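User: I'd like to learn how to read aromatic pairs and nonpolar cores. Can you walk me through them?

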Amino acid sequence: MQAKQKKLNVAVIFGGCSSEYSVSLQSASAVLKHLDAEKYEPLPIGITKEGDWFYFTGEISKIQADTWQSEDACISAALSPNRSERCLLLFDAGEVRKLPVGIVFPVLHGKNGEDGTVQGAAALAGIPLAGCGVLASALCMDKDRAHRLAEAAGVRVPQAIVLQDGAEERQAQEFAAQIGYPVFVKPVKAGSSYGITRVSTPENLHNALALAFQYDSEVLVEEAIDGFEVGCAVLGNRELLTGEVDEIELSGGFFDFTEKYTLKTSAIHVPARIRPEQAQAIKQTAKRIYRALGCSGFARVDCFLTPEGGIVFNEANTIPGFTEHSRYPGMMQAAGYSFRDVLDRIIGLALEEGREDDNDGEAQ
């Protein structure tokens, strides 16, 4: 009789000390629901808005409702930095218990989670990581540096300048006048469209800059690209596969936080309503950007398609929204990959990378 295969302990990290805390709760709930229960033992790790870590033992629905923080369902926890242990430390009733971790799966959005910080903790602990590593996560979070690398790889990016906190507003005014309104003002490092403003007149530039500086010490003033936004889900380490390209249809304005999570006046079309050769070009461009930024595991690459058929890079999301209705799972579903299959593949890619990291260490 064949022995039953031991389940892999998957530490799904959610919440976080970030403005995107609430988005993470929705994504993590969906990931926890769709993990194959026959293969994986989920270990939900919640991080509060204040940055405290807990091992959560309650119902998934409480994560979605943001009622997960309770004394009877939370145990103070931390990843052990000792590579020989590969475990979660549980500080329970005056004792320290060790819970083995087979893989770290961060489902965190924005700062202190998507920017390389949590990825660094997993790397120190020697635990395989689902998704992009430290460098790629940090680069993709930084819109300015990501654009520079993509441009060096031969991909068109919007014209832009970067302002430091305290910089003279005159620089932004001169640049906007030079390239012409409208322009976008956005934090260099932020997600979910937080702090972004579409500025149509010089009179609105001051308030847009002030808002963006609330989210980061560096701010982009960026050219508005004619056309519409398209996205491409990329999955893989060395060999890459893509989902179907999607298209964002806007009735006005831009794809801000409200539209991203309610689709109040906008719509997402999967596959995008474009010619097959355009979709293929977008997929190839997304792969080029993915490689240029050193991505691994998975990421969503967003671009603009201009009226002339040009492709302009917007941003790469290393931990995109992961609910049943989010763009990344939607694009993969349209290409024939179920939510569960995508999670399986992401975990498999992480274990593959983890084995290679171990071998590199032994070779040294």
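Analyst: Start with ring pairs: rings of Phe, Tyr and Trp (its six-membered ring) pair if their centres lie within 6.5 Å, and planes under 30 degrees apart count as stacked, over 60 as edge-to-face and the rest as tilted. Here, ring pairs join F105, F298, F322, Y328 and F339 into a cluster. Bear in mind that this is a predicted model, where local features need pLDDT of at least 70, side-chain atom pairs count only at pLDDT 80 or more, and totals for chains, interfaces and linings use all residues. Residues are numbered from 1 along each chain as its sequence is written, and side-chain values use heavy atoms, with hydrogens and water left out.

User: How many aromatic pairs does the structure hold?

Analyst: Eight. Take F14 and W68: their pair is edge-to-face, 5.1 Å centre to centre with 75 degrees between the planes. F14 and W68 sit 54 residues apart in the chain, and both are buried (under 20% relative accessible area; exposed is over 50%, partly exposed in between; 1.4 Å probe, protein chains only).

User: Why is the pair of F298 and F322 edge-to-face?

Analyst: Their ring centres are 5.5 Å apart and the planes stand at 85 degrees, so the pair gets that label. F298 is buried at 1% relative accessible area, and F322 is buried at 2%.

User: And which residues have the most contacts inside the largest nonpolar core?

Analyst: A nonpolar core is a set of buried Ala, Val, Leu, Ile, Met, Phe, Trp, Tyr and Cys residues joined through side-chain atoms within 4.5 Å. In the largest one, of 35 residues, they are V12, F105 and F322.

Key:
Helices (H or I, at least four residues) and strands (E, at least two) are DSSP runs, numbered from the N terminus.
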